[in-house]
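Here is my note on the structure you sent. Please keep it beside the model as you read.

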Amino acid sequence: SPRGRRSALSVQGQRSPCGAHGPKAQCPSTGCGRYGSAREAASPASAAGAQVIFSEELATDLATADVFVYLSESEGLGSAILLAMAQGVPVVASNVGGIPELVEHEATGLLVSNNVEAVASAIRRMTRDEDLARRCAENAYRKVSERYADDIMVRRTEQVYRDVLGL
């Protein structure tokens, strides 16, 4: 279930409170969506005052994360978002493609346009409004548990095959 958190996205080592060095933000080392490099993708988190940390171990690093930021110009589903939601981590994500199917604005996370100011504002909001972060994390965790758990997905996939084959 969701845990209490205080930093923007703390992924390695100790979580850091918002303060002198600012919150921590994680960005995959391979780049993010419309951004040509991971360093460019980190600019919105930097604008929010977050210390950016590059990581290649998302599943592991989410264990200490406080906010997961997912930016893309085009996205089918966003399995990394599902992973964050399943771990009870509040999500800030681009309002594109299939992402709004997962992230319901102000219910299971915050949806943003792909500009530095909007993303930075959402990161600040999620890190400063503990009630919002907790509510979004709890709702997202519940949504993933009820709709996207492995056993549920297997049953739904099997049903599609039965329907298509007329069984």
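**Sheet and cores**

1. Strands (E, at least two residues) and helices (H or I, at least four) are DSSP runs, numbered from the N terminus. The model is predicted: local features need pLDDT of at least 70, side-chain atom pairs count only at pLDDT 80 or more, and totals for chains, interfaces and linings use all residues. Residues are numbered from 1 along each chain as its sequence is written, and side-chain values use heavy atoms, without hydrogens or water.

2. Strand 3 and strand 4 pair in parallel over three bridges. Pairing requires at least two DSSP bridges between two strands. The open sheet has three strands, in the order 3-4-5. Strand 3 and strand 5 (110–112) are its edges.

3. Helix 4 packs on this sheet and touches strand 3 and strand 4. Its direction makes about 165 degrees with that of strand 3. Angles run from 0 to 180 degrees between N-to-C directions, with axes fitted to C-alpha atoms, for helices over the stretch in contact (heavy atoms within 4.5 Å).

4. The largest nonpolar core has 20 residues. Such a core joins buried Ala, Val, Leu, Ile, Met, Phe, Trp, Tyr and Cys residues through side-chain atoms within 4.5 Å. Buried means under 20% relative accessible area (1.4 Å probe, protein chains only). Helix 4 gives the largest share, five residues.

5. What does Ile-81 contact, leaving aside neighbours within four places in sequence? Its partners include Phe-68, Val-91, Ile-99 and Val-103.

Terms used:
Buried < 20%, exposed > 50% of the residue type's maximum accessible area, 1.4 Å probe, protein only.
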